[in-house]
Amino acid sequence: MSEFDNVTAPPPPPSGSPGAEEKQWALFAHLSSLVGLIIPFGNLLGPLVVWLIKKDTLPFVNDQGKEALNFNITILIAAIISGILTLVVIGLLLLFLVGIAWLVLTIIAAIKVSNGEAYRYPFALRLIK
């Protein structure tokens, strides 16, 4: 087992079925990233606030809040790299693709957690454990 196995492997979802309140707050954790469409860095601040408020009382929200935060950090890094690459034109296409992927995956995550399923974003860096 290499030292990098823990970096890419998603953590296991919390056991048990989440209650209605947990599902609602997990939904907020994912959808709050859409605040980034209006407020700069809102895609990080929304999930961060929800996670910090509910992480100690609701295990499902703790898991999904970290997942939403990690994904949005990954998206921010991808957007910065794409922005730099606009100097060689390919960045415009990459920015568009990153934006579409962010929106689609956020909506998929919201649907999954509203059904009580723990969602794991593909390609997300797991920086917050």
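**Note on the nonpolar core and salt bridges of a predicted model**

1. The largest nonpolar core has twelve residues in all: Ala26, Phe60, Phe71, Ile75, Val98, Trp102, Leu105, Ala109, Val113, Tyr119, Tyr121 and Ala124. A nonpolar core is here a set of buried Ala, Val, Leu, Ile, Met, Phe, Trp, Tyr and Cys residues joined through side-chain atoms within 4.5 Å. Buried means under 20% relative accessible area, exposed over 50%, and partly exposed in between (1.4 Å probe, protein chains only). In soluble globular proteins, nonpolar side chains tend to be buried together.

2. This is a predicted model, in which local features need pLDDT of at least 70 and side-chain atom pairs count only at pLDDT 80 or more, while totals for chains, interfaces and linings use all residues. Residues are numbered from 1 along each chain as its sequence is written, and side-chain values use heavy atoms, with hydrogens and water left out.

3. Helix 4 (59–85) and helix 5 (90–114) are the elements that give two or more residues to this core. Helix 5 supplies the largest share, five residues. Helices (H or I, at least four residues) and strands (E, at least two) are DSSP runs, numbered from the N terminus.

4. Val98 belongs to this core. With neighbours within four places in sequence left aside, Val98 is in contact (heavy atoms within 4.5 Å) with Ile75, Ala78, Ala79 and Ser82.

5. Five salt bridges are present in the structure. The term denotes a side-chain nitrogen of Lys or Arg within 4 Å of a carboxyl oxygen of Asp or Glu. Side chains of opposite charge can pair when their charged atoms come close.

6. One of these salt bridges joins the side chains of Glu21 and Lys54, at 3.9 Å from N to O. Glu21 is in helix 2 (residues 20–31) and Lys54 in helix 3 (residues 42–54), so that distant parts of the chain, 33 residues apart, are linked. Glu21 counts as partly exposed at 44% relative accessibility, whereas Lys54, at 16%, counts as buried.

7. Arg120 and Glu67 also meet through their side chains in a salt bridge (3.4 Å, N to O). Because Arg120 lies in the segment after helix 5 and Glu67 in helix 4, the pair ties together parts that are 53 residues apart in sequence. Arg120 counts as buried at 18% relative accessibility, and Glu67 counts as buried at 2%.

8. Glu67 forms a salt bridge with Arg126 too, with the closest N and O atoms 2.8 Å apart. This pair links helix 4, which holds Glu67, to the segment after helix 5, which holds Arg126, 59 residues apart. Both Glu67 and Arg126 are buried. Asp63, Glu67, Arg120 and Arg126 are linked in a network of salt bridges.
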